[in-house]
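Please look through the sequence and the 3D structure shown here before reading on. The report is written for a reader who is new to protein structure.

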Amino acid sequence: MEYQILQFYNYLDYPAARKERIEKLLSDFKEKGIFLESFLSKGYRGVVFRGSYKGKTVAIKVLRSDVEKKNPIEKECRILEFLEKTLKTENPAPCLFICRKEFLVMEFIEGVTFSSAILEYNPKEVIKEALKSCYLLDKVGVEHSEIKGEKHLIFDGKRVRIIDFESAKFKELPRNLLQFVGYHLIRNEKLLEKLKISREELKKIIEIYKQDREKGFHTLTNLFA
């Protein structure tokens with residue numbers, strides 16, 4: 001048991017596991033009322049814990065000790081703050097609670113992945129919500145960069161939320177919706193057969209979207225009405 005507890009806290013300074021940094025982070029968490037509950041995952045730039053903050057379930061992302069490039073935590077904070085301010089209640093990203101140089105605390109999104117959601121819920125409704133979330137990011141100039149990834153699209157029962165913005169960037173013409181359609185729809189022949197929608201039809205609408213995003217978005221959502 002003691003070994004498991006040690007391993008849990010060592011993730012705070014993964015992979016170096018330096019005692020000084022771990023103790024400093026735990027002190028900061030205690031001061032701010034952040035409580036760690038479980039280890040969730042480790043990525044290329046950060047490790048993620050589930051915890052609580054002011055009675056809310058939160059995700060706590062901590063900077064890895066071996067990151068050498070420009071601090072991705074600070075960049076992710078800027079993007080999350082921008083999305084919250086710009087999109088307000090429509091924001092598909094997690095709400096940000098605390099942003100520091102070495103960690104951030106944000107809303108924990110409860111739900112199921114997109115591929116599970118289209119099996120458990122009305123697939124057309126789930127797809128429309130995913131299209132809307134991707135379109136909103138495109139509209140305000142933020143490219144997630146990993147929309148094709150399975151774990152980044154979470155259906156919470158009402159909306160498709162998008163998580164993990166550490167690889168995101170500001171861009172004049174983001175391709176979130178195009179990536180979603182290409183990887184999650186056009187490549188899924190069984191799903192399209194079930195919905196009686198052809199790949200050719202989707203490809204035509206993609207071309208419309210490239211020329212006129214608003215028109216292309218509405219044409220796409222009407223397809224799944």
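## Basis of the model

This is a predicted model, in which local features need pLDDT of at least 70 and side-chain atom pairs count only at pLDDT 80 or more, while totals for chains, interfaces and linings use all residues. Residues are numbered from 1 along each chain as its sequence is written, and side-chain values use heavy atoms, with hydrogens and water left out.

Helices (H or I, at least four residues) and strands (E, at least two) are DSSP runs that are numbered from the N terminus. A residue is called buried under 20% relative accessible area, exposed over 50% and partly exposed in between, using a 1.4 Å probe and protein chains only.

## Backbone features in two loops

The loop between α1 (2-10) and α2 contains Pro15, and the peptide bond that leads from Tyr14 to Pro15 is cis, with omega near 0°. Ala17 also lies in the loop between α1 and α2, and its phi is positive, near 55°, although Ala17 is a residue other than glycine. With a relative accessible area of 31%, Ala17 is partly exposed.

A positive phi, near 80°, is found as well at Ser145, again a residue other than glycine. Ser145 belongs to the loop between β7 (142-143) and β8 (153-155), and its relative accessibility of 23% makes it partly exposed.

## Helix α2 and its two faces

Helix α2 covers residues 19-32, and its 14 residues should span 20 Å at 1.5 Å a residue, which agrees with the 20 Å between its end C-alpha atoms; the expected span is 1.5 Å times one less than the number of residues. After α2 comes Gly33, whose phi is positive, near 75°.

Which residues of α2 are buried? They are Arg21, Ile22, Leu25, Asp28 and Phe29. These residues cover an arc of only 125° around the axis, and therefore they lie on the same side of α2; the arc is that of the directions from the helix axis to the C-beta atoms. An α-helix has 3.6 residues a turn, so residues three or four places apart point the same way. On the face of α2 turned away from the buried side are the exposed residues Lys19, Glu20, Lys30 and Glu31.

## Helices α5 and α6

Helix α5 (residues 123-140) packs with helix α6 (residues 176-186) at an angle of about 150°, and their axes are 7 Å apart. Axes are lines fitted to C-alpha atoms, for helices over the stretch in contact, and angles run from 0 to 180 degrees between N-to-C directions. The two helices are therefore roughly antiparallel, a term used for angles over 145 degrees.

Contact means heavy atoms within 4.5 Å, and among the residues of α5 that meet α6 are Ile127, Leu131 and Tyr135, while Leu177, Phe180 and Val181 are among those on the α6 side. Helix α6 is mostly covered, since nine of its eleven residues are buried, including Gln179 and His184.

Asp138 lies in helix α5 and counts as buried, at 4% relative accessibility. Leaving out residues up to four places away in sequence, Asp138 touches Pro174, Arg175, Asn176, Leu177, Tyr209 and Arg213.

His218 lies in helix α9 (residues 213-223) and is partly exposed, with a relative accessible area of 40%. The C-alpha atoms of His218 and Lys132 are separated by 9.5 Å, although these residues are 86 residues apart along the chain.

Conventions: Parallel < 35°, antiparallel > 145°, perpendicular 65-115°, else oblique.
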